[in-house]
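We will go stop by stop.

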Amino acid sequence: MSFVRSNMAILKALKLFSKTFSSLSSHPLRVCVVGSGPAGFYTVEKMLKAHERAEVDIIDRLPTPYGLVRSGVAPDHPETKIVTNQFSRVALNERCSFFGNVSLGSSVSLSELREIYNVVVLAYGAESDRVLDIPGEDLTGIHSAREFVWWYNGHPDCRNLAPNLKSTDTVVILGQGNVALDVARILLRPTMELATTDIAFHALAALEESSVRKVYLVGRRGPIQAACTAKELREVLAVKDLYVNIHEADLLKSPKDEEELKNNRIRRRVYELLSKEATSGPSHPTSGQRELHFVFFQKPDRFLDSERGKGHVAGVHFEKTMLRENGDSGKQIAVGTGQFEDLKCGLVLKSIGYKSVPVDGLPFDHHKGIVPNVKGRVLKYSSGNLTQFEGLYVCGWLKRGPTGIIATNLYCAEETVASISEDLEKGVLTSTSTSSKPGREGLLQLLDSRNVRVVSFNDWEKIDTEEKRLGRLRNKQREKLTTWEELQELAMK
Ligand SMILES: Cc1cc2nc3c(=O)[nH]c(=O)nc-3n(C[C@H](O)[C@H](O)[C@H](O)COP(=O)(O)OP(=O)(O)OC[C@H]3O[C@@H](n4cnc5c(N)ncnc54)[C@H](O)[C@@H]3O)c2cc1C
């Protein structure tokens with residue numbers, strides 16, 4: 001089947017639906033949401049509820065929906081992924097259409113989307129990484145945690161990452177947030193316990209053959225500033241037959257630390273757990289036991305090249321830090337002490353933060369890594385002033401930065417949709433809301449003309465069914481298809 005004919009078939013089917021819908025209103029509000037992660041789906045759900053005349057299309061660059069629920073949430077957290085049932089009900093609403101395999105920036109530009117739709121909501125997340133900007137960062141064997149997580153979760157962009165798990169026994173993870181803890185747990189957990197999850201087949205096979213025995217979780221600041229939550233910490237501490245090392249000296253508190261703890265329940269819980277672990281466990285690992293080391297007050301200064309000079313990481317050169325109060329914010333920041341030490345390893349995973357990427361024509365705050373906005377209304381510079389970018393909104397990690405759990409995006413979507421509703425009521429969107437726009441028909445025609453083969457929700461359901469079938473054969477919840485070719489081939493069957 002040619003690309004063009006296939007897209008037109010989708011269009012024909014959609015027209016059948018929209019006939020019913022058009023009879024409700026002769027002026028549908030055509031909305032496009034970019035990104036089908038939690039922020040995108042919550043936005044669609046709220047939009048459909050708030051506006052009877054809204055017809056909402058949700059596009060994603062992948063052939064699969066659900067964003068980080070599929071490619072971020074750890075495979076051994078199946079209960080967290082149940083939210084996809086709710087999202088799939090949204091996608092099946094007759095006023096909603098999912099179009100996968102459509103990338104903002106390459107399949108369609110922002111200015112084109114704005115021409116085609118009355119309202120565009122950007123919810124395409126944060127798909128790049130913060131960098132340390134220190135020597136040796138481009139050595140092989142150094143990956144961002146985002147890439148490693150995408151690798152074990154079967155994201156097609158990281159199918160071929162091939163992290164070095166076989167020729168080293170030591171991994172250094174830079175960062176101590178929840179993502180870092182997820183990564184440590186996946187590296188250290190007995191693979192038997194992962195085998196029934198939806199972990200990607202290639203990752204499970206590599207982990208089964210892994211020679212990694214020691215994982216170092218390294219933070220610039222102390223245990224009081226560790227950016228994780230108690231639930232995730234408890235989980236990694238509970239990994240079967242794991243030796244955990246925490247230096248008691250690192251747990252000493254300054255008066256400023258006490259103050260920080262007093263004002264923050266989450267930090268208090270994390271600190272209590274770390275303190276308990278430091279004093280209760282055995283003082284040495286038994287032979288062959290896997291080890292998890294919490295290392296505080298160290299900042300990476302440069303990466304060490306392997307002695308063979310093959311451009312492979314051989315370790316990290318750290319500078320010891322101490323905390324100093326930052327005058328402006330009152331926060332404690334880490335400053336170098338001039339004392340250095342090396343930690344040898346064969347794999348480094350940087351878990352220092354995700355970063356959003358701007359597309360052409362989109363205002364972007366490079367310092368904060370977000371789209372400048374007020375309550376989801378995108379702002380642009382016009383004659384030296386910040387003004388509202390008419391018809392353009394933002395939600396999720398692209399709006400707030402890469403923090404918060406799935407549910408945070410629900411409140412975020414509520415806020416963005418409330419802004420849209422307010423603007424419609426106040427007539428702020430006059431030119432966009434009153435004029436008739438082609439909406440999905442216009443989009444599908446444009447994509448046809450570019451030979452972009454859209455993956456409909458129905459096509460995704462074929463992928464979903466096949467993944468579950470393959471999973472059953474291996475006694476797994478799901479066996480993900482992990483290459484672009486496999487995914488597209490199945491969707492186009
Ligand atoms: C490793 C990890 C583990 C996590 N675990 C949990 C957990 O256990 N529990 C929990 O509650 N929260 C968890 N979170 C947080 C949660 O995943 C996020 O809060 C949430 O996914 C952010 O939603 P979003 O829609 O803004 O972004 P995303 O989920 O990233 O969705 C963005 C979507 O946009 C698409 N996209 C990107 N670029 C384009 C483009 N140019 N054109 C079209 N589409 C595009 C992407 O393919 C993706 O589908 C985790 C996060 C990470 C990183």
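This is a predicted model: local features need pLDDT of at least 70, side-chain atom pairs count only at pLDDT 80 or more; totals for chains, interfaces and linings use all residues.

Residues are numbered from 1 along each chain as its sequence is written.

**Stop 1: the two domains**

Select 3-127 together with 357-491 and colour them as domain 1. Then select 130-354, which is domain 2. These bounds come from an automatic or database domain assignment. The centres of the two domains, taken over C-alpha atoms, are 34 Å apart. Where they touch, domain 1 gives 21 residues and domain 2 gives 21 residues. Two residues are in contact if their C-beta atoms, placed from the backbone, lie within 7 Å.

Which elements give two or more residues to the side of domain 1 that touches domain 2? Select helix 3 (68-71) and helix 18 (484-491) to see them. Helices (H or I, at least four residues) and strands (E, at least two) are DSSP runs, numbered from the N terminus. That side of domain 1 has eight nonpolar, seven polar and six charged residues. Here Ala, Val, Leu, Ile, Met, Phe, Trp, Tyr, Cys and Pro count as nonpolar, Asp, Glu, Lys and Arg as charged, and the others, Gly among them, as polar.

**Stop 2: the ligand shell**

Next, select Gly35, Gly37, Gly67, Gly125 and Gly396, which come nearest to the ligand of the 34 residues around it. Helix 2 has the largest share, with three. Each domain supplies at least three residues to the shell. By class, the shell has 15 nonpolar, 15 polar and four charged residues.

**Stop 3: the largest nonpolar core**

Now select Val31, Val121, Ile173, Val183, Ala184, Val215 and Val348. Of the 118 residues in the largest nonpolar core, these touch the most other members. Such a core is a set of buried Ala, Val, Leu, Ile, Met, Phe, Trp, Tyr and Cys residues joined through C-beta atoms within 7 Å. Buried means 20 or more other C-beta atoms within 10 Å of a residue's own, exposed means 12 or fewer, and partly exposed is in between, with C-beta atoms placed from the backbone.

Helix 7 (residues 178-188) gives the largest share of the core, eight residues.

**Stop 4: two strands**

Show strand 2 (residues 54-59) and strand 3, which pair in the parallel sense over four bridges. Strands pair if DSSP finds at least two bridges between them. Val56 stands opposite Cys96. Along strand 3 (residues 96-99), Cys96 and Phe98 point one way, Ser97 and Phe99 the other, and all are buried.

**Stop 5: loops**

Select Asp133, in the loop between strand 5 (128-129) and strand 6 (142-144). Its phi is near 60°, a positive value in a residue other than glycine. Is Asp133 buried or exposed? Asp133 is exposed, because 6 other C-beta atoms lie within 10 Å.

Finish at Phe297, in the loop between strand 10 and strand 11 (298-305). Phe297 also has a positive phi, of about 55°. With 22 C-beta neighbours inside 10 Å, Phe297 counts as buried.

Technical notes:
A residue is near a molecule or strand if its C-beta atom, placed from the backbone, lies within 6 Å of it.
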